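Okay, thanks everyone, let me put this one up on the screen.

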Amino acid sequence: MEQTAPFIGSRPAAEQRHWGEWIIEKLIQVAGLSTIVIIGLIFFFLLREGLPAFFEVPLRTLLGGRWYPIENLFGLWPLLVGSLLVTAGAILIAVPLGLITAIYMGEIAPRWQREILKPLIEMLAGIPSIVLGFLGWVVLAPLIQQAGASTGLTAFTGSIILAYMSLPTIISSSEDALSAVPTEYRDGALAIGATQWQTIWRVVVPAARSGIVIAIMLGIGRAIGETMAVLMVTGNAANVPALGLGMFFQPVRTMTATIAAEMGEVANGSVHYHTLFAIGILLFVITFAINSLAGRLVGTQGKRRRSSQL
Amino acid sequence: MSRQKTNQLMIALITTIAIIVVIPVILVILFMFYNGLSALNWEFLTTAPYNGLRQGGIMPALLGTVYLTFATAIVSFPLAIAAAIYLAEYARDNRLTRAVRLAIVNLAGIPSIVYGLFGLGAFVLFMGFGTSIIAGALTLGILTLPVVISTAEEAILAVPQEFRTVSLSLGATRWQTIRYQVLPQALPGIITGIILGLGRAAGETAPILFTVAAVYLPELPKSIFDQSMALPYHLYVIATQVPGMPLSVQYGTALVLLLLVLSLTLVATIIRTNIRRHRQW
């Protein structure tokens with residue numbers, strides 16, 4: 001962000017530029033600002049179609065625990081719980097694995113290994129979610145059922161797939177955080193006799209703490225919004241599971257999957273239709289809050305994310 | 001246990017875990033090849049499905065995705081590249097620029113299904129395009145903006161300041177400098193961004209569910225105002241909605257989609273590695 005005014009001194013020939021250039025430069029400016037307009041438009045259209053739900057459905061029903069659209073029961077609670085459950089499971093799996101992989105790539109692996117690992121992670125990021133969902137459906141779910149669950153389509157199945165899908169996000173942002181730690185810290189630690197492990201665990205990771213928090217937040221944002229894979233492998237049963245470890249091994253229904261599964265079948269303008277958009281508002285607000293907070297944290301670090309990539 | 005022993009043990013543990021994380025990526029791809037390759041042949045790629053999608057090929061879905069991806073490109077890239085030029089060359093470090101950056105971070109974080117809702121509300125219904133290629137392309141175009149903008153901006157920023165200084169000192173205007181010095185140097189990086197965006201658009205399912213995708217169409221779309229089949233949605237349909245669907249066809253379809261998207265990612269990675277290697281400055 002420090003480099004945003006790249007032209008030094010006065011602008012030569014500024015007087016001579018013809019208005020063709022003036023138009024081009026204005027268009028470029030408009031394009032830049034259009035991103036703000038677009039995000040505003042997205043929110044506007046979600047509100048336009050979704051806000052009526054809050055007037056049509058009694059608040060007690062909306063906050064209730066029963067999602068039975070056929071009986072006009074639109075309780076969002078089970079969907080929210082489903083989303084949070086699957087996301088929590090995914091993050092519990094993906095954060096340790098992602099952080100450790102980032103540590104390996106940034107601190108331990110020799111250059112040639114890094115050059116193999118990095119494209120592999122990028123490749124993982126590139127696999128379409130429907131393909132991973134398909135694998136979860138035909139391979140992972142049967143395996144989990146064989147392992148003793150009553151069905152293979154559970155919150156846990158979704159968490160595993162989601163964990164894999166959010167790994168690239170978590171790895172690359174953790175890597176950024178680790179690489180932002182000055183080399184002097186490592187040199188200093190090693191010079192006073194710390195082992196490599198002590199340097200990593202007591203010096204580098206604590207110094208990268210805020211960046212790692214950002215990585216976790218972006219991972220959560222990625223996981224909570226994932227749709228197709230979750231739709232295919234979590235079983236889509238809208239109940240609030242009883243508290244306990246067993247809740248991970250029951251079918252759940254997430255907010256995203258509900259929209260994807262039901263929007264095709266509702267009449268435009270019906271209460272059900274409005275409520276699905278209201279879920280969209282909820283998702284927008286949640287991810288907007290997470291990403292704005294993460295963006296602000298990145299800003300306070302004064303570091304341009306992923307600037308080392310090219 | 002001595003410090004050195006702990007050190008060795010922990011380093012070994014980290015290495016093992018990193019390998020455990022990465023191996024499945026290779027396994028997934030090999031597994032898809034192993035199961036899907038037998039279904040792949042010329043006929044599979046060039047014929048339409050029949051008998052309730054159970055037999056025949058994937059031609060309409062494959063072509064639909066190709067159309068859709070190109071249409072997305074036309075919507076997204078002029079805007080994305082202009083926005084990247086703005087951020088890299090024109091924007092000052094002020095409130096407005098920070099708002100633009102925040103908007104891009106947030107666009108990148110919006111769930112794809114929410115893009116689908118937006119496309120339905122804005123393009124399909126409000127603008128009256130109906131379920132059509134243009135509605136889907138506009139939706140996917142907006143979805144790919146953040147990837148293309150940030151990659152292109154990085155590429156432009158990577159062009160050394162000296163190029164600009166020299167050009168300006170020779171009397172070129174700001175736009176001439178950007179047009180004839182900066183953009184040509186940044187072009188490979190910008191193309192990387194474009195290809196990454198294409199890969200993203202080709203593989204997405206949720207945004208096209210209510211904006212373009214049809215379960216089955218006997219004919220190919222004739223204009224951008226027609227519905228179309230699309231490969232990711234086709235995979236979803238045959239995997240979950242068609243009872244008695246032969247598994248080999250499902251794997252074959254998934255493999256074609258994977259190959260399509262991964263080859264785009266691979267090309268982008270190759271270009272990027274080449275830039276890093278051959279950069280003379």
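This is a predicted model: local features need pLDDT of at least 70, side-chain atom pairs count only at pLDDT 80 or more; totals for chains, interfaces and linings use all residues.

**A helix pair in chain B**

So, in α9(B), B:Leu231, B:Pro232, B:His234, B:Leu235, B:Ile238 and B:Ala239 meet B:Val249, B:Gln250, B:Thr253, B:Ala254, B:Val256 and B:Leu257 of α10(B). Contact here means that C-beta atoms, placed from the backbone, lie within 7 Å.

Residues are numbered from 1 along each chain as its sequence is written, and chains are lettered from A and ligands numbered from 1 in the order written.

How do the two helices sit? α9 (residues 231–240) and α10 (residues 247–278) of chain B pack at about 160°, axes 10 Å apart, and are therefore roughly antiparallel, the word for angles over 145 degrees.

Zooming out, chain B has 10 helices and 2 strands; those are DSSP runs, H or I of at least four residues for helices and E of at least two for strands. Of its 281 residues, 54% are buried, meaning 20 or more other C-beta atoms within 10 Å of their own.

And the partner? 81 residues of chain A contact 80 of chain B, with helix α1 (residues 19–50) of chain A giving the most to chain A's side, 20 residues.

Note on methods
Two residues are in contact if their C-beta atoms, placed from the backbone, lie within 7 Å. Axes are lines fitted to C-alpha atoms, for helices over the stretch in contact, and angles run from 0 to 180 degrees between N-to-C directions. Angles under 35 degrees count as roughly parallel, over 145 as roughly antiparallel, 65 to 115 as roughly perpendicular and the rest as oblique. A residue is buried if 20 or more other C-beta atoms lie within 10 Å of its own, exposed if 12 or fewer, and partly exposed in between; C-beta atoms are placed from the backbone.
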